[in-house]
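Student: I would like to learn how to read a few features from a model. Please take them one at a time.

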Amino acid sequence: MSILIDADTRILVQGFTGRQGSFHAERMLEYGSRVIGGVTPGKGGQEVLGLPVWNSVAEAVAEQAVDASIIFVPARFAADAIMEAADAGIGLICCITEHIPVHDMIKVRAYVSMKGCRLLGANCPGVISPGKSKMGIMPNQLFSPGTTGIVSRSGTLTYEVADALSQLGVGQSSVVGIGGDPIQGTNFIDVLKMFAEDPDTERVVMIGEIGGTAEQTAAEYLKTHHPNLPVFGFIAGMSAPPGKRMGHAGAIVSGGGGTSAADKISMFRSMGLPVADHAEQLAEIVKASLEDRD
């Protein structure tokens, strides 16, 4: 099994005719994902990659079964695109777009929740269930099928860790990038719960970073609800100066609140969760745990 998407997931691409949308849709098709077409207002009736283009999500859903939508539209239109997908009843909406204003995302998250849909992102790399389907921008060749789940705030670190695991023969069940913005449609706890309920996920790698307290909250959740789920952590940002924004909109350390990398690492270790100093070491720790089990 896998979480969020599998080989049967039918994917719609919003912003299909744009450079990013068409490029990544082609990579998704190469991976074997079931992309059924896309949406660009005013360009309905055209074809991209041999697939149909519709003017609206509603038109697409009226003609095709759609399980999930991935959004590649400029930030100023992204909130409307997400809500359009929710209005059409699409169950899983993945927004790759970055630089969406926080006040837009506050409204969007509430709206999507009201509609009973799940939003992944924004500003995230997407999700991949290796060997089954990919809905996102992650490089195809870095992932391999297996039983290790990955949930991450950082796109680049997701790729590094997955590649390091794959090189050691440790495959992945599903890999989920939740994005690094302050307002997220799906958080660590949401994904950890899905992994804990997935019979094909035997352990989880959680990749965090400075800013906020999401990692601490997730660690407390694990201790209370899934104490037997093996979880391995990595927190980026040990060298970040306090108070300075570092890349992601959510990666800022403010006074107090345990938002620094050191604070997060300290809490993880106090709760018995192994934490690595870098991506390669994280893969080695996971590999070693498998060898100890055998």
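Student: How far is the sulfur of C117 from the closest cysteine sulfur?

Tutor: This is a predicted model, where local features need pLDDT of at least 70, side-chain atom pairs count only at pLDDT 80 or more, and totals for chains, interfaces and linings use all residues. Residues are numbered from 1 along each chain as its sequence is written, and side-chain values use heavy atoms, with hydrogens and water left out. A disulfide is a pair of cysteine sulfur atoms within 2.5 Å. The closest cysteine sulfur to that of C117 is in C94, 14 Å away, which is too far for a bond.

Student: How many disulfides does a search of the whole structure find?

Tutor: The search finds 0. C95, for instance, is in no disulfide, and its nearest cysteine sulfur, in C124, is 7.3 Å away.

Student: Is C95 buried or exposed?

Tutor: Buried means under 20% relative accessible area, exposed over 50%, and partly exposed in between (1.4 Å probe, protein chains only). C95 has 0%, so it is buried. C117 is also counted as buried, at 13%.

Student: Which residues of helix α6 are buried?

Tutor: Helices (H or I, at least four residues) and strands (E, at least two) are DSSP runs, numbered from the N terminus. In α6, residues 188-197, the buried ones are F188, V191, L192, M194 and F195. The arc is taken from the directions from the helix axis to the C-beta atoms. Here the buried residues fall within an arc of 160°, so they line one face of α6.
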